[in-house]
Amino acid sequence: TTVICSDKTGTLTQNEMTVKKLFVNYKVIDVDGVGYKPVGDFSIDGKVIDASKDEDIRFLVSGASLNSDAKLKDEDGDGELDIVGDPTEGALVTVAEKAGFASNKLNADFPRVKEIPFDSDRKMMTTFHENYLPGKIIAFTKGAPDVILDRCSHIYLDGKVVELDSEKRYTLSEQNSNFAKQALRVLAVAFKQYDSIPESSDPEVIE
C-alpha cells in the first residue's frame, strides 16, 4: 500500500468514537464531550437542555445502550474510563451515561432475555428486555438507518406511536443524508413490543 486516505483520525489513532448529534422529535440535539468520559451537555440551537428529564431522549439513548455489549471501566486504575468492547457501542453507552442513564443500572433494571447478534448482511442487532414497559417484552434494534427505516411502520414522536407516512420517511432520509454529509456515522434505533419472549429467532420474523 502506498497511500491511505482517511478522515476518521480519532478512530484510527485512539480507537475512540463519540456521539455528537441526536435526532429526536424532528429536532437536532448537539452533544458535547470527547471519547468515553461520560461528561457533556446536550443542547438545541445553543441552548442547554436537561436530557435526563426528556422522555424521548431517554427512550433513544437507553435503548441504544441496552442494545450494546460495550462496558465502561477504569481498566488502568487511573480514574479514566476506558471502553471494553466495540468503539461504536462504547459511544452509545457513553451518551446514555451523559444523559444520566448508567449502563450497569439499565442492564440491572431491564435485563436482556434474548438477542439476535449483529451481522454484516442484516446490518442490525436486536436485543429483548424485561420490565422496560409494564407487562411487556421490548425489543430494541439498532443498525443502518436505511435498512431499519424500510422495516418500520410507525415512529415514536412526543411520547406517542404514530404512522410513519411517506412525508415522515422523506424527512428521516434527508436527515440521515445531512448527518452523513457532516462526516458523521449514522445509526438508527427502533423498538417493538411483545407480550412474551418470542419463540422465533429468525431475523426476518423478529425484525
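**Group meeting: a buried serine and its surroundings**

Good morning. I begin with Ser 68, which is located in the loop that connects α2 to β5 (71-73). The helices, with at least four residues in state H or I, and the strands, with at least two in state E, are DSSP runs numbered from the N terminus.

The model before you is predicted, so local features need pLDDT of at least 70 and side-chain atom pairs count only at pLDDT 80 or more, while totals for chains, interfaces and linings use all residues. Residues are numbered from 1 along each chain as its sequence is written, and side-chain values use heavy atoms, with hydrogens and water left out.

Is Ser 68 buried or exposed? Ser 68 counts as buried, because its relative accessibility is 3%. Buried stands for under 20% relative accessible area and exposed for over 50%, with partly exposed in between, using a 1.4 Å probe and protein chains only. Leaving aside neighbours within four places in sequence, Ser 68 is in contact with Glu 89, Leu 92, Val 93, Arg 112 and Lys 142; contact here means heavy atoms within 4.5 Å. Pro 145 is 77 residues from Ser 68 along the chain, and 17 Å separate their C-alpha atoms.

Let us move to Ser 65, a residue of helix α2. Ser 65 has 1% relative accessibility and therefore counts as buried. Among the residues that Ser 65 touches, not counting those up to four places away in sequence, are Leu 92 and Val 93, together with Ala 96, Ser 103 and Leu 106. From the C-alpha atom of Ser 65 to that of Leu 157, which is 92 residues away along the chain, the separation is 20 Å.

The next residue is His 129, in strand β8 (residues 124-130). Its relative accessibility is 0%, so His 129 counts as buried. Beyond its neighbours within four places in sequence, the contacts of His 129 include Leu 66, Phe 110, Arg 112, Ile 138 and Phe 140. Ala 139 is 10 residues from His 129 along the chain, with 6.4 Å between the two C-alpha atoms.

Which residues touch the most other members of the largest nonpolar core? In this core of 24 residues, they are Leu 22, Phe 42, Ile 57, Val 61 and Tyr 132. A nonpolar core is a set of buried Ala, Val, Leu, Ile, Met, Phe, Trp, Tyr and Cys residues joined through side-chain atoms within 4.5 Å. At least two residues of this core come from each of β1 (21-24), β2 (27-31), α2 (55-66), α3 (87-98) and β9 (137-143). Helix α2 gives the most to this core, namely 5 residues. Tyr 132 itself touches Arg 58, Phe 59, Ser 62, Leu 66, Phe 110, Ile 138 and Phe 140, residues up to four places away in sequence not being counted. In soluble globular proteins, nonpolar side chains tend to be buried together.

I now turn to three further residues. Asn 25, in the loop between β1 and β2, has a positive phi of about 50° although it is not a glycine. Asp 158 also is not a glycine and has a positive phi, near 50°; its place is in the loop between β10 (154-157) and β11 (160-163). Asp 158 counts as exposed because its relative accessibility is 61%. Asp 150 belongs to helix α5 (residues 145-151) and counts as exposed, because its relative accessibility is 66%. Between Asp 150 and Asp 82, which are 68 residues apart in sequence, the C-alpha to C-alpha distance is 35 Å.

Finally, I consider the whole chain. How many helices and strands does the protein chain have? There are 7 helices and 12 strands. Its C-alpha trace spans about 50 × 45 × 40 Å along the principal axes. Of its 207 residues, 37% count as buried. Of the contacts between residues at least 6 apart in sequence, 53% join residues at least 24 apart.

As for charge, the protein chain carries 25 positive and 37 negative side chains, and the centres of these two sets are 3 Å apart. Here Lys and Arg count as positive and Asp and Glu as negative, while His and the chain ends are not counted. The place of a charge is taken as NZ of Lys, CZ of Arg, CG of Asp or CD of Glu.

Thank you for your attention.
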